[in-house]
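Please read the following note with the structure open beside it. The points are numbered so that each can be checked in turn.

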Amino acid sequence: MDFAYDARTNELREQLLAFMDEHVYPAEPVLAAQLADPDRAPWTIPPVVADLQAEARKQGLWNLFFVDKHGIPGEHGAGLTNLQYAPLAEITGRSPQLAPSALNCAAPDTGNMELLAQFGSAEQRERWLRPLLDAEIRSAFAMTEPEVASSDATNVATRIERDGDEYVINGRKWYITGAMNPDCRILIVMGKTDPAAEPHRQQSMVLVPRDTPGVTVKRGMTVFGYDDADHGGHAEVLFEDVRVPASHLIGEEGAGFAIAQARLGPGRIHHCMRAIGIAERALELMCRRAGERVAFGKPLAEQGVVQDWIAESRVRIEQLRLLVLKTAWLMDTVGNRGAHTEIQAIKIATPSTVEWILDKAVQAHGAAGVSQDTPLAQLWAGNRTLRLADGPDEVHKRSLARRELRKYR
Ligand SMILES: Cc1cc2nc3c(=O)[nH]c(=O)nc-3n(C[C@H](O)[C@H](O)[C@H](O)COP(=O)(O)OP(=O)(O)OC[C@H]3O[C@@H](n4cnc5c(N)ncnc54)[C@H](O)[C@@H]3O)c2cc1C
């Protein structure tokens, strides 16, 4: 693996860094003001996001994650490798409320677009993928259920039953990111079509337009008290005798589990890339604060313990970045399956390491660190959820350990 960024990556990095300085960071207080506006229609995305999207698109900073391997008509995506995209996603992670959405590179739409590109029919791609690539609509991915331990996806209990030319869906989902937003028009729902089949062939995925009769978006779930309204919240959704045409099935019946696995692999690396950007921002804030704040006669930066936090943070960020870049390189060269161990390793290592760095940055700020006056508290809350979402740490460790042990059997 070559450690140097290639010419295209460097060019896009320069452009993106300038876009962050000129447009994204100045928009952060605008976003906060728009979110606090009492006249805002509930759960709508503040208009500053659309303004940034228009500018990003004009500059060609659009759908950078997307690679059309499936012959979708038209010009889509920048055609970057994972290794080229990784340092760009990292930069967007420095302002996670704004930058990924500005570039149309935000979860869960990215994973849903990749899923539709890979497994959707021509009709499904035309109807849903095309407007998603143009950010005309938003989407959500509905797997997790309050009643069952959803980290084991074979537990998912929502029923998807065939009835003539239709499927009928009944179940309850929660923490469905993006689904509070009225611009979220389509839900990819995972449920059971055949509870009698072997455990990994019971599930299927169907496309359910959010306005289908029987779909009730009940409430927005919070994350340590944050409603995450800037990217459409996390909805609890009830499905009661919801009917969709049979053509809304994605792939074939029984393929839901395999499709979910294929969707989550690239999604995990995107989260990790952005989390490294969060860590860089935290370290920068920690260094600035430690240099300015004086306690017991000298700046905090002159305390050995604070220097230890700063040095450790730098070491840990460099370790993470190398592992994430290696994983991206493996995904490009041997494919997602060949990079399975590394994808799990970064999913285990990144959120908890970034959590450690954020914690030190909070500590260095004193009370300001937990306040609304720095981004640290919200960054901490968002990053902490990554130890649960897309598979809890323990589940990845279990799977990685089993693969490791198999070598010695
Ligand atoms: C902010 C946020 C956004 C989310 N967005 C989405 C979304 O868009 N769509 C969606 O479908 N879901 C979403 N989720 C849900 C997320 O994917 C689930 O919370 C996650 O998969 C865990 O499932 P669970 O909550 O049912 O936990 P459970 O399955 O009940 O697990 C609870 C805990 O048990 C432990 N555990 C489980 N298995 C093992 C094991 N084998 N060994 C040891 N310990 C174990 C782990 O510590 C785990 O955290 C989101 C969650 C959050 C917090």
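1. The model is a predicted one, in which local features need pLDDT of at least 70 and side-chain atom pairs count only at pLDDT 80 or more, while totals for chains, interfaces and linings use all residues. Residues are numbered from 1 along each chain as its sequence is written, and side-chain values use heavy atoms, with hydrogens and water left out.

2. Is Ser150 buried or exposed? Ser150 counts as buried because its relative accessible area is 12%. Contact means heavy atoms within 4.5 Å. Not counting residues up to four places away in sequence, Ser150 touches Thr144 and Glu145.

3. The domain assignment divides the chain into domain 1 (7–133), domain 2 (138–253) and domain 3 (257–406). Such bounds come from an automatic or database domain assignment. Between domain 2 and domain 3, the C-alpha centres lie 29 Å apart. To their contact, domain 2 gives 15 residues and domain 3 gives 13 residues.

4. Which residues come nearest to the ligand? A residue is near a molecule if one of its heavy atoms lies within 4 Å of it. There are 21 residues around the ligand, and Phe141, Thr144, Ser151, Tyr175 and Thr177 come nearest. The shell around the ligand is made up of 12 nonpolar, six polar and three charged residues. In this count Ala, Val, Leu, Ile, Met, Phe, Trp, Tyr, Cys and Pro are nonpolar, Asp, Glu, Lys and Arg are charged, and the others, Gly among them, are polar. Domain 2 and domain 3 each supply at least three residues to the shell.

5. A nitrogen atom of the ligand lies 2.8 Å from a backbone N or O atom of Phe141. A polar backbone atom of Met143 is 2.8 Å from an oxygen atom of the ligand, and a polar backbone atom of Tyr175 is 2.9 Å from a nitrogen atom of the ligand. Taken alone the ligand exposes 980 Å², of which the protein buries 68%. Accessible areas come from the Shrake-Rupley method with a 1.4 Å probe, and for residues only the protein chains shown count as cover. Strand 1 (138–142), strand 3 (166–177) and helix 12 (393–406) are the elements that give two or more residues to the shell around the ligand.

6. Asn104 is found in the loop between helix 4 (99–102) and helix 5 (109–119). With a relative accessible area of 2%, Asn104 is buried. Leaving out residues up to four places away in sequence, Asn104 touches several residues, among them Trp62, Asn63, Leu132 and Arg138. Its side chain and that of Asn63 are joined by a polar contact of 2.8 Å. Ala135 is 31 residues from Asn104 along the chain, and their C-alpha atoms are separated by 6.6 Å.

7. Some backbone angles deserve a check. Most residues other than glycine have a negative phi, and most peptide bonds are trans. Asn63, which is not a glycine, has a positive phi of about 50 degrees; this residue lies in the loop between helix 2 (47–58) and helix 3 (82–93). Asn63 counts as buried, because its relative accessibility is 2%. Phe224 also has a positive phi, near 50 degrees, and its place is in the loop between strand 6 (215–221) and strand 7 (234–245). Phe224 counts as exposed, at 55% relative accessibility. A cis peptide bond, with omega about 0 degrees, joins Ala107 and Pro108, and Pro108 is in the loop between helix 4 and helix 5.

8. Gly233 is in the loop between strand 6 and strand 7. Its relative accessibility is 0%, so Gly233 counts as buried. Neighbours within four places aside, Gly233 is in contact with residues including Trp43, Ile176, Thr177 and Asp227.

Technical notes
A polar contact is a pair of N or O atoms within 3.5 Å; within protein, one must be able to donate a hydrogen and the other to accept it, and residues adjacent in sequence count only if both atoms are side-chain atoms. Helices (H or I, at least four residues) and strands (E, at least two) are DSSP runs, numbered from the N terminus. Buried means under 20% relative accessible area, exposed over 50%, partly exposed in between (1.4 Å probe, protein chains only).
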